[in-house]
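Please look at the sequence and the structure shown below, and keep both in view while you read the explanation that follows.

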Amino acid sequence: AVWPKSSLNSLSDAALMAPRRASKFLVGAALLAAAKMGLGFVGTAEMAPRGEKVARSVGVDYLLRNGPKDADPPLGNPAGAAGATHDVTYKKRPFGIARYAPGASGNGAVVREVTQQSRYPGDPQGQAFVAGVQPNWVVRAVNGADVTGVPFEKIMESLDDEVLDPVAALSLNMKEAGVSANNFEGAGSKEYGGVGGGGTFKFGGAETIDMPVTITYQEQ
């Protein structure tokens, strides 16, 4: 039998459209499943561009994402710091502290790394750098309240000062939603042994500090 040319064109169009419809259906189903699990990016109106890091509430597993490095000094006792103090007021998040570490007991917080640049006037991630904050300074007080005896994870959640890559952000959102995220942990992370208890810390145990916030640092 000879098919009319118009019929052949219709069949060809249908064959081309089928994969597109199937693809749209699969994408729609995936988005619906993610919505049901509550995997939205909390606190943002849109997804960050590819490769861009995004600020997120922290506390849960902070040490898994920002573990120790070989060049780090031994963990000490933040409460024992006796050097000069420095007050820094931050107007917005993130502050520009790239990594914190706990005290040896799991209490208190110490600056480990500072973002070494301010990309433009008013860059949030350049605030600590511009203020002269240095690695190994102890976080002595937040808005005048001494925090050297406060659990590290509680301090991190209160400060809410972490910049996450998209994979780590997804992992944190999944944990908040009660979904296992074992396959989404940030690469290259390791814990401070049993210090900090990041894996058992209960999210929501501390209130996020409102901006602006004044942090008192103390040299060791």
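Arginine 65 has a relative accessible area of 17% and is therefore buried, a word that stands for under 20% relative accessible area, while exposed means over 50% and partly exposed in between, with a 1.4 Å probe and protein chains only. The model is a predicted one, in which local features need pLDDT of at least 70 and side-chain atom pairs count only at pLDDT 80 or more, whereas totals for chains, interfaces and linings use all residues. Residues are numbered from 1 along each chain as its sequence is written, and side-chain values use heavy atoms, with hydrogens and water left out.

Side chains of opposite charge can pair when their charged atoms come close. Glutamate 162 forms a salt bridge with arginine 65, and their closest N and O atoms are 2.9 Å apart; the term salt bridge asks for a side-chain nitrogen of Lys or Arg within 4 Å of a carboxyl oxygen of Asp or Glu. Because glutamate 162 lies in the loop between α4 and β7 (163-164) and arginine 65 in helix α2, the pair ties together parts that are 97 residues apart in sequence. Here helices (H or I, at least four residues) and strands (E, at least two) are DSSP runs, numbered from the N terminus. Glutamate 162, at 5% relative accessibility, counts as buried.

The structure holds seven salt bridges. In one of them, arginine 99 pairs with glutamate 113, the closest N and O atoms being 2.8 Å apart. Arginine 99 lies in strand β3 and glutamate 113 in strand β4, so this pair ties together parts that are 14 residues apart in sequence. Arginine 99 counts as buried at 4% relative accessibility, and glutamate 113 counts as partly exposed at 25%. Both residues belong to a network of salt bridges that links Lys69, Asp72, Arg99, Arg112 and Glu113.

Let us turn to helix α4. This helix, residues 152-159, is mostly covered, since seven of its eight residues are buried, and among them are Phe152, Ile155, Met156 and Leu159. The buried residues of α4 pack against α2 (62-65), β3 (97-102), β4 (109-114), β5 (138-142) and β8 (213-218). Just after α4, aspartate 160 takes a positive phi of about 55°.

Which residues have the most contacts inside the largest nonpolar core? They are Tyr90, Ile97, Tyr100, Val133 and Tyr217, in a core of 23 residues; a nonpolar core is a set of buried Ala, Val, Leu, Ile, Met, Phe, Trp, Tyr and Cys residues joined through side-chain atoms within 4.5 Å. α4 gives the most to this core, with four residues. Leaving aside neighbours within four places in sequence, valine 133 is in contact (heavy atoms within 4.5 Å) with Val88, Tyr90, Ile97, Val111, Val114, Ala128 and Tyr217.

α4 also gives the largest share of the lining of the second largest pocket, four residues. The ten residues that line this pocket include Val142, Val147, Val150, Ser158 and Ile209, which lie nearest its centre. By class, the lining has eight nonpolar, one polar and one charged residues, where Ala, Val, Leu, Ile, Met, Phe, Trp, Tyr, Cys and Pro count as nonpolar, Asp, Glu, Lys and Arg as charged, and the others, Gly among them, as polar.

How values were computed
On a 1 Å grid over the protein atoms alone, a cavity is a set of points where a 1.4 Å probe fits but cannot get out, and a pocket is an open set with protein on both sides within 12 Å along at least five of seven lines; lining residues have an atom within 4 Å of a point.
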